[in-house]
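Subject: Handover of a structure for your review

Dear colleague,

Please find below the structure that I am handing over to you. My notes on what was found in it follow directly after it.

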Amino acid sequence: MKLKTSIFTLWLSAAVFTAANAEAPKGYYNSCENLGGRNLLSELQDVIDNHHNVGYDGLWDVYADSDVRDNGTIWDMYSTKQWVFGKSKCGNYKNVGDCYNREHSMPKSWFSEGSPMKSDAFHVYPTDGKVNGQRSNYPYGECEGGKNLGTHNGVTALGRLGRSTFEGYSGTVFEPIDEYKGDFARTYFYMAARYNDKISSWKSDMLAHNSYPAFSSWAVKLLLKWHRQDPVSEKERDRNDAVYKHQKNRNPFIDHPEMAEYIWGDKSDQRWSSTSSNLPELNAAGEIKVIPTISGVEISVSDDARIPVAIYSVDGTCRFNGHAAGHTSFSLPRGIYIINANGTAHRISVK
């Protein structure tokens, strides 16, 4: 096998950390300094509330900026279809790939279709109508087996519906593919912050019916797991900036992923500061290379640094999710892969 790819080099320094992350206006999170747990979550609401409501129909205009691939097609996290903007909007559908619509990742029935939640672009995504219908208003979760809607006319459904296998919950859940689990976890964190004064009245098995922690104990564990295993991607950073242009607010958990730990995670008894590292796993500045090898790929990290790495096949199957240090080699069968090295995604093809 031969791997054909470019060598991607990233010099990691404090300046590069700042440039690589989605950019919030200077001082945007100043009021959150030295807060943690319940207080940090509550303060985040004050930072990001009163956003401009684009309206339900206005979401289509947002998607033209927020969910467009480099080739100009609409990015769908529920199917492999690359939709042509302005065409194939649902409407009626029968099969996967028929049309795309507006998916409330936090279903609108949970909050009785209230406003502005119904049209908040941070949690309403363009997705395949058929898969959206399958997901319905079930919680996100993990399942074994389950039902995937398969492939129709070359378009493959992403995700599956089945009985939860995650500890603490046994109901029916929809499991997205691994590549987007972190996206949805950070979306839910955003919703708990933006609507912290409302979420206690919403109805779902994922919710605790209070303002803090807002999520039921099993959901907190699930969302933190997904958040940690699937780091912030360039797709999310670009989307955060694009939605900000329209709504005039941001998702703090994309700008500062570590905030989740200070609210729900291992640091919830500590106080957050903007000087907290967004990349706590990296213990030294260093150079990262994605290097072709005869049987796959090698992740090379200098200066004894240790970084998070995730490797996915193009169908969303996770091939590796862990850490790399020094020179770590991965053998990969023929196919196309997404390698997320320390939050930077690269697409490669193994021939």
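Are Tyr-188 and Phe-215 buried or exposed? Both Tyr-188 and Phe-215 are buried, where buried stands for under 20% relative accessible area, exposed for over 50%, and partly exposed for the range in between (1.4 Å probe, protein chains only).

Some remarks on the basis of these notes come first. This is a predicted model, in which local features need pLDDT of at least 70 and side-chain atom pairs count only at pLDDT 80 or more, while totals for chains, interfaces and linings use all residues. Residues are numbered from 1 along each chain as its sequence is written, and side-chain values use heavy atoms, with hydrogens and water left out. Helices (H or I, at least four residues) and strands (E, at least two) are DSSP runs, numbered from the N terminus.

Aromatic rings

The structure holds 23 aromatic pairs. Rings of Phe, Tyr and Trp (its six-membered ring) are paired if their centres lie within 6.5 Å; planes under 30 degrees apart count as stacked, over 60 as edge-to-face and the rest as tilted. Tyr-169 and Trp-218 are a stacked pair, with 4.4 Å from centre to centre and 5° between the planes. Tyr-169 lies in the loop between strand S9 (160-163) and strand S10 (172-175), and Trp-218 in helix H6 (residues 217-229), so this pair ties together parts that are 49 residues apart in sequence. Tyr-169 and Trp-218 are buried.

Tyr-188 and Phe-215, with which these notes began, are also stacked, at 6.4 Å centre to centre and 15° between the planes. Since Tyr-188 belongs to helix H5 and Phe-215 to the loop between H5 and H6, the pair ties together parts that are 27 residues apart in sequence. Ring pairs also link these two residues into a cluster, whose members include Tyr-78, Trp-110, Tyr-125, Phe-184 and Trp-264.

Two charged side chains lie over rings (NZ of Lys or CZ of Arg within 6 Å of the ring centre and within 35 degrees of the ring normal). Lys-81 is over the face of Trp-83, 5.6 Å from the ring centre. The charged end of Arg-102 is over the ring of Tyr-56, at 3.7 Å from its centre.

Pocket and cavity

On a 1 Å grid over the protein atoms alone, a cavity is a set of points where a 1.4 Å probe fits but cannot get out, and a pocket is an open set with protein on both sides within 12 Å along at least five of seven lines; lining residues have an atom within 4 Å of a point. Grid points are joined across faces, edges and corners, and a volume is the space filled by probe spheres set on the points.

The largest pocket holds about 860 Å³ of space. Its lining consists of 30 residues, and Arg-69, Trp-75, Glu-179, Tyr-180 and Ile-338 lie nearest the centre. H7 gives the largest share of this lining, four residues. By class, the lining has nine nonpolar, eight polar and 13 charged residues; here Ala, Val, Leu, Ile, Met, Phe, Trp, Tyr, Cys and Pro count as nonpolar, Asp, Glu, Lys and Arg as charged, and the others, Gly among them, as polar.

There is one cavity of 30 Å³ or more, and the largest cavity has a volume of about 90 Å³. Among the residues that line the largest cavity are Phe-122, Asp-183, Lys-235 and Asn-251. Here too the largest share, four residues, comes from H7.

Strands and backbone

Strand S13 (residues 306-313) is mostly covered, with seven of its eight residues buried. S13 runs antiparallel to strand S14 (residues 318-325), joined by seven bridges, and pairs with S16 in the antiparallel sense over five bridges; two strands pair if DSSP finds at least two bridges between them.

The peptide bond from Ser-115 to Pro-116 is cis, with omega near 5°. A cis peptide bond also joins Tyr-212 and Pro-213, with omega about 5°. Ser-112, although not a glycine, has a positive phi of about 55°, and Ser-112 is exposed, with a relative accessible area of 65%.

Yours sincerely
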